[in-house]
Amino acid sequence: MSQHRTSGDGVDGDRTGGDPTGHALPEYAERVLDVAELIPPGRVMTYGDVAEWLDEGGPRQVGRVMSLYGAAVPWWRVVRADGALLPGHELRALDHYRAESTPLREAPRAAEGHLPRLDMKRARWDGVPADGGADRDEGGGAHN
């Protein structure tokens, strides 16, 4: 899909993930990043949803890929299942969510930091393109 990727630290690379040795990204990482690019603005998929879509790996593997290489894609659209904002990146993610009108649930006043969470019932994308769907690979199943 994308012709240029960067590592999680923002180092430029051309399908190398910023690897100074010039090695290409692992195939699994490419596939995870490709799914992240498919998620429409204003919608999210959980780490587990991405793994299910690919029919490979699990939430931890997807999280690892996103932490290493996610800067090259809309990383804020791949999230924790509980809707909590990514620790250390809350404000950057929140700016993206507000710009894309991603459904949020306001935090109770007693909540630490008063940061909202994603409204997972409304924001979660099931992987079916808005046009009805012929875009999808053969792997994985439908999501909630």
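**Close-up views of a predicted model**

At 61% relative accessibility, which is over the 50% cut-off, S101 counts as exposed.

View 1. Most residues other than glycine have a negative phi. S101 has its positive phi of about 55° although it is not a glycine.

View 2. Helix 4 spans residues 90–99, and its buried residues are A93, L94 and Y97. These three cover an arc of only 100° around the axis, which puts them on the same side of helix 4. An α-helix has 3.6 residues a turn, so residues three or four places apart point the same way. On the other side of helix 4 lie L91, D95 and A99, which are exposed. The buried residues of helix 4 pack against three strands, namely strand 4 (78–79), strand 5 (104–105) and strand 6 (117–118).

**View 3. Helix 1 and its packing with helix 3.** Helix 1, made up of the twelve residues 27–38, reaches 17 Å from its first C-alpha to its last, close to the 16 Å expected at 1.5 Å a residue. Its buried residues are Y28, A29, E30, V32, L33, V35 and A36. Helix 1 packs with helix 3 at an angle of about 85°, with the axes 10 Å apart, and that angle makes helix 1 roughly perpendicular to helix 3. On the side of helix 1, the residues that meet helix 3 are Y28, A29, V32, L33 and A36, while helix 3 contributes Q61, V62, V65, M66 and Y69. Sorted by class, this contact of helix 1 with helix 3 has nine nonpolar residues, one polar residue and no charged residues.

**View 4. The crossing of helix 2 and helix 3.** Helix 2 (residues 47–54) and helix 3 (residues 59–69) have axes that come within 8 Å and cross at roughly 105°, which makes helix 2 roughly perpendicular to helix 3. Helix 2 makes this contact through Y47, G48, V50 and A51, and helix 3 makes it through P59, V62, G63 and M66. By class, the contact of helix 2 with helix 3 has six nonpolar and two polar residues, and no charged ones.

View 5. G48 is found in helix 2, and at 27% relative accessibility it counts as partly exposed. Although G48 and P59 are eleven residues apart along the chain, their C-alpha atoms are separated by 4.4 Å. D55 lies in the loop between helix 2 and helix 3, where it has a positive phi of about 55° although it is not a glycine. With a relative accessibility of 64%, D55 counts as exposed.

**View 6. The whole protein, for orientation.** The protein has five helices and six strands, and from the N terminus on these elements run β-β-α-β-α-α-β-α-β-β-α. Of the 144 residues in the protein, 41% are buried. Among the contacts in the protein with a separation of 6 or more, 55% are accounted for by residues 24 or more positions apart.

Definitions and conventions
Residues are numbered from 1 along each chain as its sequence is written. This is a predicted model: local features need pLDDT of at least 70, side-chain atom pairs count only at pLDDT 80 or more; totals for chains, interfaces and linings use all residues. Side-chain values use heavy atoms; hydrogens and water are left out. Axes are lines fitted to C-alpha atoms, for helices over the stretch in contact, and angles run from 0 to 180 degrees between N-to-C directions. Helices (H or I, at least four residues) and strands (E, at least two) are DSSP runs, numbered from the N terminus. Angles under 35 degrees count as roughly parallel, over 145 as roughly antiparallel, 65 to 115 as roughly perpendicular and the rest as oblique. Contact means heavy atoms within 4.5 Å. Ala, Val, Leu, Ile, Met, Phe, Trp, Tyr, Cys and Pro count as nonpolar, Asp, Glu, Lys and Arg as charged, and the others, Gly among them, as polar. Buried means under 20% relative accessible area, exposed over 50%, partly exposed in between (1.4 Å probe, protein chains only). The arc is that of the directions from the helix axis to the C-beta atoms. The expected span of a helix is 1.5 Å times one less than its number of residues.
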